[in-house]
Amino acid sequence: MTGVSRVEVIVPRRPPRVRPWIGMKRVLAVRLDAAGDVLMTTPALRALSATHPERLTLLTSTSGAAVAELLPELDDVIVYDAPWMKEGSGGGDPTSDRAFIDGLREERFDAAVIFTVHTQSPLPAATMTYLAEIPRRLAHSHENPYELLTDWVPDPETDQPLRHEVRRQLDLLAHVGIDAADDHLSLHVPDVASRAMRARVEGLGIGPRDPWIVVHPGATAAARRYPPDRFAEVLRRLHLRTGWPIVLTGSRGERRLIDEIRSAADGLATSLAGQLTTAEMAALIAIAPMLLTNNSLPAHIAGAVGTPVVDLYALTNLQHTPWAVPSRVLSVDVPCKGCRRSVCPLGHNRCLHAVDPRAVVDAIIDLAAATGMPMLRRAEAGAPITPAEVPVLAR
């Protein structure tokens, strides 16, 4: 047979299966990820709070709870390390999980919204809220959830995310008629933590108008850590070009990493690793003129408190860049970007490790100039500031 042409048929996406949320009095927001993910959900939490429920409760992980305590939108926080999440992967206890669901049922929530990244299935959490007899249940889902979700938004993101994580969660709520008046991240820094950090910084000889920088070299995932020797080179070059005081931060488990970097940088920085609570870390970043960090919680804290941030951004997850804050995002484009792996599957970490320390210092100085941060010392002669490679992510 000749002359027969093939016709390509494109099956349209399923439409959302949703109804408006009106008059929900007791609302459960489910965000079982880490603290940074919880912070990126704060615009959506604020939109939920603006519907004036009698109670807005966040169900989150142990990691997420550390920052959830600083969120003014919430009335309650429930901590649960779910067995289907990374933080709960140490071994489940079905008896304990059944008792937890019974406890949720007793709370008599009217509605639950399940916030996930695009690679996660909401169905375990949907099953939990279904068994807890929560009448309305909303989430994105790639799979048809049938009766597990009363309000289903088919997930449009497949191989590569199309939206920033903040936008994704706001769009989910918009499907049930909940719109946000604004989209900034939010976090309340307790006065006691703020006063303590101001005194701590003053004790380091840093005045209220002096330029200085917080540097956070750690990250929970190995793929998101800039190499220690390169961090040390950044600190040495930054000191030569600016003379700024440098304050290093990190968790208790990152003390050895911070000590290694500080030693390799000839002791040019002060280390506060392992000495700060989450509230004190937020307070320190809030009073700092600038932050240098890997893609980790401090980058999102900076977004919440308005501190300019230079983000050494591994391209493992493309939708978590700094949100609505002056920033420079540094990486090297690679074919394997968007791998979503905690450890580089190819073993080279080129998207992050190939970032030149000189480009990092240039980005810091460029951002300082753009935000009006004063210099203590002129840049080295013959060392022009050149644009760093910055991937653009549409909001």
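Mentor: Gladly. Let us begin with how directions are compared: axes are lines fitted to C-alpha atoms, for helices over the stretch in contact, and angles run from 0 to 180 degrees between N-to-C directions. Contact means heavy atoms within 4.5 Å. Helices (H or I, at least four residues) and strands (E, at least two) are DSSP runs, numbered from the N terminus. Here, helix 9 (residues 255-264) lies across strand 8 (246-248) and strand 9, and helix 9 runs at about 165° to strand 9.

Trainee: What should I know about the model itself?

Mentor: This is a predicted model, in which local features need pLDDT of at least 70 and side-chain atom pairs count only at pLDDT 80 or more, while totals for chains, interfaces and linings use all residues. Residues are numbered from 1 along each chain as its sequence is written, and side-chain values use heavy atoms, with hydrogens and water left out.

Trainee: In what order do the six strands of the open sheet lie?

Mentor: The rule for pairing comes first: two strands pair if DSSP finds at least two bridges between them. In this case the six strands follow the order 9-8-7-10-11-12, with parallel pairing. Strand 9 (269-271) and strand 12 (327-330) are at the edges with a single partner strand each, so one side of each is left without a neighbour in the sheet. From one strand to the next, the twist averages 20°.

Trainee: How many bridges join strand 11 to strand 12?

Mentor: Four bridges join strand 11 (residues 309-312) to strand 12.

Trainee: Why is helix 6 described as largely enclosed by the rest of the structure?

Mentor: Think of burial as a share of accessible area: buried means under 20% relative accessible area, exposed over 50%, partly exposed in between (1.4 Å probe, protein chains only). Seven of the ten residues of helix 6 (residues 165-174) are buried, so helix 6 is largely enclosed by the rest of the structure. Those buried residues are E165, V166, R168, Q169, L170, L172 and L173. They pack against several elements, including strand 1 (26-31), helix 2 (42-49) and strand 5 (136-141).

Trainee: Is V30 buried or exposed?

Mentor: V30, found in strand 1, counts as buried because its relative accessibility is 1%. Leaving aside neighbours within four places in sequence, V30 is in contact with L59, V113, I114, F115 and A125. The C-alpha atoms of V30 and T60 are separated by 6.3 Å, although these residues are 30 apart along the chain.

Trainee: Which way do the residues of strand 6 point?

Mentor: D151 and V153 point one way from strand 6, W152 and P154 point the other way, and all are buried. Strand 5 and strand 6 pair in the parallel sense over four bridges, and D151 is the bridge partner of L138.

Trainee: Where does Y146 lie?

Mentor: Y146 lies in the loop between strand 5 and strand 6. Its phi is near 50°, a positive value in a residue other than glycine. Y146 counts as exposed because its relative accessibility is 56%.

Trainee: What is the volume of the largest cavity?

Mentor: The largest cavity has a volume of about 100 Å³. Of the 14 residues lining the largest cavity, T316, C336, C339, C344 and C351 are the closest to its centre.

Terms used
1 Å grid on protein atoms, 1.4 Å probe; cavity = no way out; pocket = protein on both sides within 12 Å on 5 of 7 lines; lining within 4 Å. Points joined across faces, edges and corners; volume = space filled by probe spheres on them.
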